[in-house]
Structure formats: structure tokens, C-alpha cells
Amino acid sequence: MPTDLPKERAVRKPGTLELDPMGEGIAIDETSRLIGSNKVEGTAVYDRTGRHLGAVHNFMVDKITGQVAYAVLAFGGFLGLGENHHPLPWKALTYSTELGGYVVDIDPGVLAGAPSHGPGEDGFADPAYGGRIEDYYGRRAPTA
């Protein structure tokens with residue numbers, strides 16, 4: 001996530017739902033900086049050499065911070081059969097305008113051994129699942 005965000009300005013009175021009179025309205029699909037979740041799901045994922053690995057199945061948003069924590073990538077299979085879902089820390093993905101998709105700098109063999117779950121399963125139902133993902137990729141987040 002970029003850290004060089006532009007300065008914010010007040011666009012409405014606090015506590016109101018008044019729209020910014022100088023704005024372009026409410027984006028529901030995509031702007032120059034924002035993209036709707038429905039447009040992220042299905043986006044291709046490539047390795048660092050440009051080889052297609054799979055696609056973004058969905059992503060997991062932290063309810064407290066509002067930040068995307070994981071991209072759940074669908075790899076393998078055909079037409080959804082036999083595929084596995086591999087959650088990756090969101091910061092592991094970089095968007096490539098040239099490829100029109102996300103690039104991960106992860107060897108496919110490393111990805112194959114990562115925590116995963118099948119399409120009908122919810123790996124995140126296990127509270128320790130996120131920690132195993134973070135441990136596997138060496139990005140264990142501090143716990144409060």
C-alpha cells in the first residue's frame with residue numbers, strides 16, 4: 001500500500017453525508033487510486049518471470065483497520081475443479097500495468113508448500129491459520 005498519500009482536505013461537515021461539491025461523485029468501480037473488490041477478484045497473478053500462476057479468488061480485509069491482509073489466490077485445477085486457495089500476505093503482491101495483473105516474487109515450489117485450503121473450505125475458521133501463513137512467509141505480524 002502506498003505511503004505517499006496526498007494531503008487530505010475537509011470535503012464535508014463532520015457528521016454529515018454531504019458529498020464533495022467539487023468531486024466527481026461516488027466511484028463504485030474504479031478511480032485512478034481505488035479499485036472495486038469485484039474488479040480485483042479474478043485478476044491474473046504471475047511469477048517474477050511473467051509466467052501465469054493463477055488468479056485472485058478474493059481477499060481478506062481486517063475488520064478493525066480496514067486494511068487488506070491477504071489475497072487468496074486460486075492455483076491449479078481447471079474450471080474451478082482441483083484448484084487450491086493459497087492466502088498470501090497482501091504486501092507480497094505488486095500490480096504490473098504491463099501484465100495487467102499482480103506479480104509475486106515467490107518460487108512456485110515455495111507456493112506449493114504454503115498453507116492452503118480447498119475451494120469449499122474456510123481455512124480462516126481456524127484462528128491459528130493466519131499466523132501459520134505469516135510464519136510461513138516470514139512476515140509474522142506482532143500480536144497485541
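**Aromatic pairs and salt bridges in the predicted model**

Six aromatic pairs are counted when rings of Phe, Tyr and Trp (its six-membered ring) are paired if their centres lie within 6.5 Å, with planes under 30 degrees apart taken as stacked, over 60 as edge-to-face and the rest as tilted. One of them joins Phe59 and Trp90 in a tilted arrangement, at 5.9 Å centre to centre and with 50° between the planes. This pair links distant parts of the chain, since Phe59 belongs to strand S2 (residues 52–61) and Trp90 to the loop between strand S4 (84–89) and S5, 31 residues apart; strands (E, at least two residues) and helices (H or I, at least four) are DSSP runs numbered from the N terminus. The structure is a predicted model, in which local features need pLDDT of at least 70 and side-chain atom pairs count only at pLDDT 80 or more, whereas totals for chains, interfaces and linings use all residues. Residues are numbered from 1 along each chain as its sequence is written, and side-chain values use heavy atoms, with hydrogens and water left out.

Ring pairs also connect Phe59, Trp90, Tyr95 and Tyr102 into a cluster. Leaving aside neighbours within four places in sequence, Tyr95 is in contact (heavy atoms within 4.5 Å) with Thr43, Gly100, Gly101 and Tyr102. The C-alpha atoms of Tyr95 and Tyr46, which are 49 residues apart along the chain, are separated by 9.9 Å.

Across the whole structure, a search finds three salt bridges, each defined as a side-chain nitrogen of Lys or Arg within 4 Å of a carboxyl oxygen of Asp or Glu. Asp105 forms such a bridge with Arg48, the closest N and O atoms being 2.7 Å apart. Asp105 lies in the loop between strand S6 (101–104) and helix H2 (108–112), and Arg48 in the loop between strand S1 (44–46) and S2, so the pair ties together parts that are 57 residues apart in sequence. Asp105 is exposed, at 55% relative accessible area, and Arg48 is exposed as well, at 52%.

The side chains of Asp47 and Arg51 meet in a further salt bridge (3.4 Å, N to O), in which Asp47 is buried, with a relative accessible area of 6%, whereas Arg51 is partly exposed, at 46%. Arg132 and Asp126 likewise form a salt bridge through their side chains (3.1 Å, N to O); Arg132 is partly exposed at 40% relative accessibility, and Asp126 is partly exposed at 32%.

Notes: Buried < 20%, exposed > 50% of the residue type's maximum accessible area, 1.4 Å probe, protein only.
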